[in-house]
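User: I have a structure to go through for class. Can we look at it together?

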Amino acid sequence: MSKYLVATDQNFQSEVLQSDVPVLVDFWAVWCGPCRMIAPVIEELASEYEGKAKIAKLNVDENPQISMAYGIRSIPTLLIFKNGEVVDQLVGAVPKNVIAGKLNSQLA
């Protein structure tokens, strides 16, 4: 079973914006090659950060409202939310250590 949260237009407010821990949201789509490349990394991070941060995946095709609200133009885009605000952003298939570094800086 996956440890990451499936974010949707419906649960984004409660699961991401109102979270009491930082949330990494992976904006992705089924047809996106780079998204598939980083999917295993996102799943690893979900296990490693369990209890410290939330890791979420949001399918841009199925959830257009949130994607438009945050101006997602290219995927994969990773947004890190803290206290309901975007505090960091990564675009493209970036290495795991880069993602982890950005996430770690929000845990303090």
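Analyst: What follows is a short talk about the sheet and the nonpolar cores of this predicted model.

User: What is the strand order in the sheet?

Analyst: The order is β1-β3-β2-β4-β5, in an open sheet of five strands with mixed pairing.

User: Which strands stand at the edges?

Analyst: β1 (5-7) and β5 (85-91) do. Each has a single partner strand, so one side of each is left without a neighbour in the sheet. From one strand to the next, the twist averages 25°.

User: OK, back to β1. How many bridges join it to β3?

Analyst: Three bridges, and β1 and β3 (residues 54-59) run parallel. Val6 stands opposite Lys57 in β3.

User: Which helix packs on the sheet?

Analyst: Helix α2 (residues 33-48) packs there, touching β2 (23-28), β3 and β4 (77-82). The direction of α2 makes about 160° with that of β2.

User: New topic. How many residues are in the largest nonpolar core?

Analyst: That core has 18 residues. Phe12, Val25, Phe27, Leu58, Ile75 and Phe81 have the most contacts inside it. At least two residues each come from β1, α1 (12-17), β2, β3 and β4.

User: Which of them gives the most?

Analyst: β2, with three residues.

User: And what does Val25 touch?

Analyst: Leaving out residues up to four places away in sequence, Val25 touches Phe12, Val16, Ala56, Leu58, Thr77, Leu78, Leu79 and Phe81.

User: What about the second core?

Analyst: The second core is separate and has 17 residues, including Tyr4, Leu24, Val94 and Ala100.

User: Why would nonpolar side chains be buried together?

Analyst: In soluble globular proteins they tend to be; that is a general pattern.

Methods: Residues numbered from 1 in each chain as written. Predicted model: local features only at pLDDT ≥ 70, side-chain atom pairs only at ≥ 80, totals over all residues. Heavy atoms only, no water. Pairing = 2+ DSSP bridges. Helix = DSSP H or I, 4+ residues; strand = E, 2+ residues; numbered from the N terminus. Axes fitted to C-alpha atoms, helices over the stretch in contact; angles between N-to-C directions. Contact = heavy atoms within 4.5 Å. Core = buried A, V, L, I, M, F, W, Y, C linked by side-chain atoms within 4.5 Å. Buried < 20%, exposed > 50% of the residue type's maximum accessible area, 1.4 Å probe, protein only.
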